[in-house]
Amino acid sequence: MIIVVKNACEKSQYDNLVEWIKDLGLDVHVSRGETSTVLGLVGDTSRVDIDLISSLDIVEQVKRVQEPYKNANRKFNPTDTIVNVGGRKIGGNFFQVVAGPCSVESEEQIIAVANAVKASGATMLRGGAFKPRTSPYAFQGLKGTGIELLIKAKKETGLPIVTELLNINDIDLFNEVDVIQIGARNMQNFELLKEVGKTGKPILLKRGLANTLQELLMSAEYIMAEGNNQVILCERGIRTFETMTRNTLDLSAVPALKDKTHLPIIIDPSHSTGIAKYVSPMSLASVGSGADGLIIEVHNDPKKAWCDGAQSLNPAQFDELMGKIKLMLPIVGKNFDGE
């Protein structure tokens, strides 16, 4: 349920209304605009008398929200959420590019890539320490050692780091990680979502390869229900009948999600296409669709990569792509950190 309150009301009237709602056992989420304030009621709203609230002088409008997701709903928070990652803003007019290798392989490799992507304009560093692989015989990542190497790269370059958490038991290793990534395979691992919600850290939530957008938003709701609204959604391609690409990149997800939620959304053109030469055109298409950022795989020697080399750009290719992205951003009204 949503209650729109006039900004011209007296503070005592507003406080009394909020207190009365909380006494009913409901949580109240507040979103302040220029002319009105939106109160989002979360919980069992069946006990709320709509007619009584509507009759109050300070109330402009009352309406029920039909969607099962509440915190993530744009009706609850009409203003775009801006997530701050180590001083880098994402959402609204702010655009970010997360870049780095699929997996951390060595100190030399991750620091070399980190320096290269930073020089090209990337604003965050990605790198897999724990790798969920389809085959149990494939490289599973350096795990804790991989995180230590990411932290070294962060100290070397100043770039915030983004890496994936697979298991609740490893969460203590992520204390110095700036953004915890929840991958496509764990999008509906609800216990994991609850735990990362409790961290208060920015969470990058990837859409499952066969999940609807509403299911993605419901997963975000699990995180936000724990009090963490620092959620970044990620479209990474879905499984369809097409076999010429690794997955099918659903760019229609961007305007559809923008319509339904205030959370920022970024695109992963690397996993969605699976082919390096397609990453650049789909990155530019993502910018044009209104996305708030990109997460791109970059490796200093893709042919020798331990994981997903076929979809990784080399530093020169990434640098060329970043030049094009910087030209496109003003056209769609976005920029890096408000520059």
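Four aromatic pairs are present in the structure, a pair being counted where ring centres of Phe, Tyr or Trp (its six-membered ring) lie within 6.5 Å, with planes under 30 degrees apart termed stacked, over 60 edge-to-face and the rest tilted. The model is predicted, so that local features need pLDDT of at least 70 and side-chain atom pairs pLDDT 80 or more, while totals for chains, interfaces and linings use all residues. Residues are numbered from 1 along each chain as its sequence is written, and side-chain values use heavy atoms, leaving out hydrogens and water.

One of the four pairs joins F139 and W306, whose ring centres are 5.2 Å apart with planes at 90°, and is therefore edge-to-face. F139 is located in the loop between β8 (124–126) and α4 (144–157), and W306 in the loop between β14 (293–297) and α10 (315–328), so the contact ties together parts 167 residues apart in sequence. Helices (H or I, at least four residues) and strands (E, at least two) are DSSP runs numbered from the N terminus. F139 is partly exposed at 23% relative accessible area, as is W306 at 46%; buried denotes under 20%, exposed over 50% and partly exposed the range in between (1.4 Å probe, protein chains only).

F190 and Y222 form a stacked pair, with 4.4 Å between centres and 20° between planes. Because F190 belongs to helix α5 (residues 190–199) and Y222 to helix α6 (residues 213–224), this pair links parts 32 residues apart in sequence. F190 is partly exposed at 30%, and Y222 likewise at 29%.

Zero disulfides, defined as cysteine sulfur pairs within 2.5 Å, were found in the whole structure. The sulfur of C234 lies 13 Å from the closest cysteine sulfur, that of C102, which is too far for a bond. C234 is buried, at 0% relative accessibility.
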